[in-house]
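This briefing is intended to be read beside the sequence and the three-dimensional structure. Please keep both in view while going through the points.

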Amino acid sequence: MRVRSVNVGEPRTVTWKSRSVTTAIFKSPVRGDVYVGQLNLEGDRQADLRVHGGVEKAVYAYPWEHYAVWQEEMPDVRFPPGAFGENLTVEGLLEDEVVIGDQFQVGTAVLTVTQPRTPCYKLGVRFGRDDMVRRFALARRPGMYFRVEQEGTLYQGAAITRVAQSDSGVTVLAMFDMMMRRA
């Protein structure tokens, strides 16, 4: 397991359906060491702290493996690293294999899996498509949020090592399915 890309972004205002929307879903890859603190990565912020960010959603990771599937399903859309608003584009960390509460060392930081991402309208804003929120939900490829247990630095190419396995038994994908049934 490793980090394919570290992505950050600042909130910006864009026009979506004739109205102004402030979002930080537009993330771009950065090189070198990036400090990760309790609430986010250096150079990154969230636009709406009511639903994004905070201690339990400090870092969002999305599996690199899903990118090829998205590209096949939507060949007319460009999917650069960070396209889903993730801070970490990761390889080998899949939702059906990771359990809520698992802890991972990434660089010198230690992160704990807290929950899957649930789709919001800003996915539609990011891709300029009304159907993206529905597609994301039906695809069952949500990625995962982390709490920062130990602040540190991480970087592109960093190994991801499981340092503690949770006994919760609930995978990220199982929790996503439960959350989407309630929605």
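The points below concern a predicted model and are grouped by topic.

- The model contains 2 cavities of 30 Å³ or more.
- The largest cavity holds about 230 Å³ of space. Its lining is made up of 20 residues, and A24, K27, Q46, H52 and G85 are the closest to its centre.
- Sorted by class, the residues lining the largest cavity comprise 8 nonpolar, 6 polar and 6 charged.
- The second largest cavity holds about 40 Å³. L88, V90, L93, F104, V106, L111, F146 and I160 form its lining.
- Two strands, β7 (88–91) and β8 (103–106), each contribute at least two residues to the lining of the second largest cavity.
- The lining of the second largest cavity has 8 nonpolar residues, with no polar and no charged ones.

**Aromatic pairs**

- The count of aromatic pairs in the model is 15. In one of them, the ring centres of Y62 and F84 are 4.5 Å apart and the planes meet at 25 degrees, so this pair is stacked; the cut-off for stacking is under 30 degrees between the planes.
- W70 and F136 make up another stacked aromatic pair, with 6.4 Å from centre to centre and 10 degrees between the planes. Because W70 lies in helix α1 and F136 in helix α3, this pair ties together parts that are 66 residues apart in sequence.
- W70 and F136 are likewise both buried.
- A cluster linked by ring pairs takes in Y60, Y62, W64, Y67, W70, F79, F84, F127, F136 and Y145.

- Helix α3 spans residues 132–139, and M132, F136 and A137 are buried within it. These three lie on the same side of α3 because they cover an arc of only 135 degrees around the axis.
- Exposed residues R134 and L138 are carried on the face of α3 turned away from its buried side.
- R140 is located in the loop between α3 and β10 (144–150).
- R140 counts as partly exposed because its relative accessibility is 39%, a value between the limits of 20% for buried and 50% for exposed.
- Apart from neighbours within four places in sequence, R140 contacts L173, F176 and D177.
- R140 and K27 are 113 residues apart along the chain, and their C-alpha atoms are separated by 22 Å.

- Most residues other than glycine have a negative phi.
- K17, which is not a glycine, has a positive phi of about 55 degrees. The residue is found in the loop between β2 (12–16) and β3 (19–23).
- The relative accessible area of K17 is 55%, so K17 is exposed; the cut-off for that class is over 50%.
- S18 also has a positive phi, near 65 degrees, and is a residue other than glycine. Its place is in the loop between β2 and β3.
- With a relative accessible area of 77%, S18 is exposed.

- A47 sits in the loop between β5 (34–36) and β6 (59–63).
- A47 is partly exposed, at a relative accessible area of 33%.
- When residues up to four places away in sequence are not counted, A47 touches P11, T22, T23, A24 and K122.
- From C-alpha to C-alpha, A47 and V21 are 9.7 Å apart in space, while 26 residues separate them in sequence.

Key:
Residues numbered from 1 in each chain as written. Predicted model: local features only at pLDDT ≥ 70, side-chain atom pairs only at ≥ 80, totals over all residues. Heavy atoms only, no water. 1 Å grid on protein atoms, 1.4 Å probe; cavity = no way out; pocket = protein on both sides within 12 Å on 5 of 7 lines; lining within 4 Å. Points joined across faces, edges and corners; volume = space filled by probe spheres on them. Nonpolar A, V, L, I, M, F, W, Y, C, P; charged D, E, K, R; others polar. Helix = DSSP H or I, 4+ residues; strand = E, 2+ residues; numbered from the N terminus. Buried < 20%, exposed > 50% of the residue type's maximum accessible area, 1.4 Å probe, protein only. Arc of directions from axis to C-beta. Contact = heavy atoms within 4.5 Å. Phe/Tyr/Trp six-rings, centres within 6.5 Å; stacked < 30°, edge-to-face > 60°.
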